[in-house]
Amino acid sequence: MRKAVLIAIPYLWLVALFLVPFLIVLKISLSDIALARPPYMPQLDLTQGWAGLTAFFSELDLDNFAFLATDDLYWKSYLSSLRIAALSTLITLAVGYPIAYGMARADHAWRPTLLMLVILPFWTSFLIRVYSWMGILSNEGTLNTVLQWLGVINEPLQIMNTPTAVYIGIVYTYLPFMVLPIYSALEKLDDSLLEAAEDLGCSRFTAFWLVTWPLSRSGIVAGCFLVFIPALGEFVIPSLLGGSSTLMIGKVLWEEFFNNRDWPVASAVAVILLLILIIPIVLFQRNEQKAREAEG
Amino acid sequence: MAQTVFAPWTDPVQKPLIEFRNVSKRFGDFTAIDNLSLTIYEKEFFALLGPSGCGKTTMMRMLAGFETISGGHILLDGQEISAVPPNKRPVNMMFQSYALFPHLSIWDNIAFGLKREGRDAAFIDERVDEMLRLTRMSRFARRKPHQISGGQRQRVALARSLAKAPKLLLLDEPLGALDRKLREETQFELMDIQEKTGTTFVIVTHDQEEAMTVASRIAVMDEGRIVQVDTPDQIYEAPNSVYVADFIGDVNLFSGTATARPVDMAAAPEPTVALDAEATAPRHDAALRDTVEANTATAQRLPAPDRKGDWLYDKLFRRFMGSRETAPRRLPPPSPAEVAAARAREAPARPADSAPAIKPGGILVDWADGQPPIIAANGDTAVAGEKVTFSIRPEKVTIDAEQPDRPNAYKGKVIDIAYLGNISTFHVELANGTMVKAQMVNARRLANRHITWEDEVWIGFSETAGVVLKD
């Protein structure tokens with residue numbers, strides 16, 4: 001009984017905060033746009049009993065999904081989002097792995113401090129941090145001013161409102177999510193494994209490649225998903241740093257919802273996005289489970 | 001069939017496989033290894049033994065190439081190797097934690113070193129299978145390290161380090177993680193494998209039993225120095241210092257001043273005789289009387305009625321003979337004649353009188369006031385007049401209820417008994433408060449043993465059982 005209650009709590013949580021909202025979104029995505037409040041129809045009218053219910057269901061259709069396929073804006077946005085998310089995940093990995101490696105190899109006394117430094121940015125609001133990047137990257141921003149003062153460039157670099165700014169923003173924002181799982185995998189790594197590899201004839205580099213890298217794989221995979229999944233639906237960073245030139249599905253979704261007030265299409269976009277994300281989420285779960293099994 | 005004794009270190013023609021020449025290692029201000037020289041021969045099973053922090057692991061890591069040396073030379077087969085990186089040395093190491101690669105199967109773990117050598121697949125297959133057979137792990141080749149037991153991991157680690165057929169195999173506390181029973185089995189297995197492969201093994205351990213069991217020679221280390229290098233039996237029976245004696249096994253230590261013993265027993269009276277006579281002359285009779293009295297308590301000396309007699313008396317005779325006295329009747333104290341007879345009986349057993357049987361020469365160790373000095377016939381007379389420590393192993397100390405026929409005998413009281421099953425260690429407190437450990441093999445069942453706590457006992461040991469060590 002106690003066990004059932006304990007298991008029920010997370011499930012209730014999931015049902016209330018994920019499944020129910022999702023079903024609502026799904027319902028809206030199958031509805032049609034209407035100049036009404038709420039701005040879609042049909043509305044479920046339970047006062048008419050069974051007839052109302054059948055009438056409601058008979059009016060639901062997949063028109064919005066068909067519409068997404070006809071306009072190339074949507075699939076281009078999805079593709080662009082996937083590309084930006086994948087590329088920024090790779091960049092984050094390239095930046096984050098050395099950081100995690102350095103942290104894991106640092107003196108024991110230093111590690112808590114280094115961990116603290118990685119987590120520190122979270123103490124400031126995400127929005128404020130993205131806005132400050134605007135201050136840094138804009139044409140009159142800190143970066144251009146310093147570079148011009150140093151004489152490296154004579155006219156400001158156009159970074160703001162380009163995909164580069166989006167990459168910078170995503171890599172910066174999600175770096176801790178990459179560093180922490182890799183660090184935790186590397187920290188568990190027994191130094192004697194590397195010595196054993198060297199003892200058996202490996203050079204430092206082959207020892208890294210044959211031992212350290214495969215053993216930090218679970219951390220790498222976890223970090224990549226933790227960056228890739230939220231980056232795919234990212235909205236704040238592309239809309240603040242990317243300007244109009246960056247196409248990302250999160251931004252499209254926002255515009256459909258708030259600018260066009262087309263809730264059904266916006267919901268359809270959201271449903272497709274979720275379906276796209278389910279694949280990496282399932283893969284991520286698998287990886288976690290494998291890692292747990294390997295430890296056990 | 002008599003086998004030739006394996007002792008290359010006694011042969012001056014033999015070239016050592018490993019040579020440490022005045023090797024030093026410093027970590028900052030701390031000197032881990034201090035100007036150390038050592039030779040290890042081919043096919044040896046050499047043990048580096050010492051407490052943690054004595055530098056034994058540093059020595060091993062220098063051999064493997066994981067530590068650079070601060071001074072001196074390390075030679076392997078006559079070649080200087082101190083500058084050779086670990087992956088280029090014909091030396092392999094079995095790590096204390098085994099350091100098996102968790103992401104690789106047992107087979108791949110063993111093949112790891114061979115693959116790095118760029119051997120062809122057929123050779124690797126054959127060699128890995130051979131190693132698996134040697135360590136009886138063939139059935140587990142496809143498993144991952146976390147799917148096998150600690151003992152099996154130990155064997156895989158051994159197989160992996162032997163796969164490349166190194167000239168020298170280093171074992172860093174290889175059995176530390178195993179339980180006692182498995183450890184003992186594995187020790188014999190290690191010796192067996194060492195013999196089969198003919199590889200030179202250097203083992204680092206803090207477990208002296210392990211070192212004694214497996215090693216052909218042991219180097220006892222302390223604070224970055226080697227205190228003694230010798231065969232296990234020599235280390236145990238002839239330690240060269242108090243440190244070694246105390247570190248290896250259990251030991252009784254008596255510090256005192258040495259005096260030379262006359263070589264010719266007839267020429268000078270034994271000082272012990274005088275001391276002994278002086279110490280025991282008045283007491284002896286009293287002791288003897290005690291013995292006689294104690295004897296009277298036993299049935300054959302005391303004319304006491306048995307239960308039937310009691311009953312008969314109580315029922316029948318009491319009426320006309322009065323109440324029976326209940327206090328045990330005592331015999332009168334022994335007459336002088338009786339004492340003399342008893343003394344005559346016991347006399348040959350007394351060490352003072354058996355002096356001619358004691359080996360002449362050696363030294364006496366005067367270790368406590370009021371106690372006869374220890375006779376050490378094997379002591380070096382050169383130390384006469386100096387402060388020395390007499391060391392004797394508990395199993396060489398006997399324990400008796402009566403004064404034993406031994407050159408060295410001291411009276412004491414049993415304070416503690418450590419019963420270990422096969423043997424018992426008695427902690428005996430001598431008259432001056434010194435605690436002495438004496439060991440007895442429990443050849444009889446517990447119920448038949450007669451010495452127990454608080455008993456007055458005699459400990460004894462022969463004149464050659466101990467070792468005299470200079471302080």
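**Domains, helices and the chain contact**

Analyst: Chain B is divided into domain 1 (8–250) and domain 2 (271–296 + 304–470), with bounds from an automatic or database domain assignment. The contact between them takes seven residues from domain 1 of chain B and seven residues from domain 2 of chain B; two residues are in contact if their C-beta atoms, placed from the backbone, lie within 7 Å. On the domain 1 side of chain B, four residues are nonpolar, two polar and one charged. Here Ala, Val, Leu, Ile, Met, Phe, Trp, Tyr, Cys and Pro count as nonpolar, Asp, Glu, Lys and Arg as charged, and the others, Gly among them, as polar.

This is a predicted model, in which local features need pLDDT of at least 70 and side-chain atom pairs count only at pLDDT 80 or more, while totals for chains, interfaces and linings use all residues. Residues are numbered from 1 along each chain as its sequence is written, and chains are lettered from A and ligands numbered from 1 in the order in which they are written.

User: At what angle do α2(B) and α4(B) pack?

Analyst: Axes are lines fitted to C-alpha atoms, for helices over the stretch in contact, and angles run from 0 to 180 degrees between N-to-C directions. Helices are DSSP runs (H or I, at least four residues), numbered from the N terminus. Helix α2 (residues 106–116) of chain B packs on α4(B) at about 30°, with the axes 7 Å apart. That makes α2(B) roughly parallel to α4(B), a label for angles under 35 degrees. I106(B), N109(B), I110(B), F112(B) and G113(B) of α2(B) meet V156(B), A159(B) and R160(B) of α4(B). Five of these contact residues are nonpolar, two polar and one charged.

User: Which residues of α4(B) meet α5(B)?

Analyst: They are G151(B), Q154(B), L158(B) and L162(B), which face L182(B), T186(B), I193(B) and T197(B) in α5(B). This contact divides into four nonpolar, four polar and no charged residues. The axes of α4 (residues 150–162) and α5 (residues 180–197) of chain B come within 12 Å and cross at roughly 20°; α4(B) and α5(B) are therefore roughly parallel to each other.

User: How many residues does each chain give to the contact between chains A and B?

Analyst: The size of an interface is often given as the accessible area lost when the parts come together. Counted by residues, the contact takes 15 from chain A and 18 from chain B. The largest share of the chain A side, six residues, comes from α9(A). By class, that side of chain A has eight nonpolar, three polar and four charged residues.

Conventions
Helices (H or I, at least four residues) and strands (E, at least two) are DSSP runs, numbered from the N terminus. Angles under 35 degrees count as roughly parallel, over 145 as roughly antiparallel, 65 to 115 as roughly perpendicular and the rest as oblique.
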